[in-house]
Amino acid sequence: MIEAGTTDSAVEVLFPPDVIAARIGELCQEIAAAGLRNPLVVPILTGSFVFSADLLRGLHAAGLTPEVDFLTLSSYRHTTRSAGSVDILRDMELDVADRDVLLVDDILDTGRTLAYAKDLVAARGARRLLTCVLLNKRVRRVVTIEADFIAFECPPVFVVGYGMDLANRYRELPFVGRVASD
Ligand code: IMP
Ligand code: MG
């Protein structure tokens, strides 16, 4: 299925909206079953903002009452190749000491971003620390890390949409897709 892009390139749909929504419902049941105590959900911005918004409403439907705080980390910066180092662009506001924390990211790719976030929150004294990603690109890993909750396994291509960008474009697409020129 090819969806005409709003911009110059067509984007091939990999994960359509209804498939994403159904999987998030299942994922929230799995997360609810983990028994987090007064959970603090921490979306890693920017790419996870759409996923996190749907995830949070799914967690509500699953009976959870999470708090939310955001952590903005650097990632690709206008290129499809990982920069190799991670920086904090904007830190969280809440204290994570003795909290049950669920870190949320869009893609687990090389693993550097999620590993950095995990180390940071662990060093600040979280009581329990779980991770949740929309997409797992297993073959590209350079850091040994697995997410506790994964919505989908992802082919090793650059994906956009549903919050994810290529040089700040395509975040608004309601599906996850692949830029045809990739
Ligand atoms: P990692 O540190 O290499 O695991 O990269 C994770 C971050 O890189 C994700 O949070 C995304 O922001 C970004 N990223 C990795 N792969 C893609 C992609 O295919 N499309 C858009 N962003 C990506
Ligand atoms: Mg990201």
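These are my notebook entries on what I looked up in the predicted model above.

**Ground rules.** I number residues from 1 along each chain as its sequence is written, letter chains from A and number ligands from 1 in the order in which they are written. Since the model is predicted, I ask for pLDDT of at least 70 for local features and count side-chain atom pairs only at pLDDT 80 or more, while totals for chains, interfaces and linings use all residues; side-chain values use heavy atoms, with hydrogens and water left out.

**Overall layout.** I looked up the secondary structure, taking helices (H or I, at least four residues) and strands (E, at least two) as DSSP runs numbered from the N terminus. The protein has three helices and eleven strands, and from the N terminus on the order is β-β-α-β-α-β-β-β-β-α-β-β-β-β. Of its 182 residues, 48% count as buried, where buried means under 20% relative accessible area, exposed over 50% and partly exposed in between, with a 1.4 Å probe and protein chains only. For contacts (heavy atoms within 4.5 Å), I noted that residues 24 or more positions apart account for 69% of those with a separation of 6 or more.

**Helix 3.** Just after the helix, Gly 125 has a positive phi of about 95°.

**Nonpolar cores.** I searched for sets of buried Ala, Val, Leu, Ile, Met, Phe, Trp, Tyr and Cys residues joined through side-chain atoms within 4.5 Å. The largest such core holds 29 residues, of which Ile 31, Leu 55, Leu 102, Leu 134 and Leu 135 touch the most other members. Two or more residues each come from helix 1 (17-33), helix 2 (49-61), strand 7, strand 8 and strand 9 (149-153), and helix 1 gives the largest share, five residues. Another core, of 22 residues, lies apart from it and includes Leu 40, Val 42, Leu 71 and Leu 73.

**Two residues followed up.** Leaving aside neighbours within four places in sequence, Ile 31 is in contact with Leu 36, Leu 55, Leu 59, Leu 64, Leu 102, Cys 132 and Phe 149. Phe 152, in strand 9, is buried with a relative accessible area of 11%, and by the same exclusion of residues up to four places away it touches Phe 15, Val 19, Ile 20, Arg 23, Leu 134, Leu 135 and Asn 136. Phe 152 and Phe 15 are 137 residues apart in sequence, yet 8.9 Å apart in space, C-alpha to C-alpha.

**Strand 11.** I took two strands as paired if DSSP finds at least two bridges between them. Strand 2 (residues 11-15) pairs with strand 11 (residues 176-179) in the antiparallel sense over four bridges, and strand 10 (residues 159-160) is joined to strand 11, also antiparallel, by two. Gly 177 in strand 11 stands opposite Val 13 and is the bridge partner of Val 160.

**Cysteines.** Searching the whole structure for disulfides (cysteine sulfur atoms within 2.5 Å), I found zero. Cys 28 is in none, the nearest cysteine sulfur being that of Cys 132 at 7.5 Å, which is too far for a bond. Cys 28 is buried with a relative accessible area of 1%, and Cys 132 is buried with 0%.
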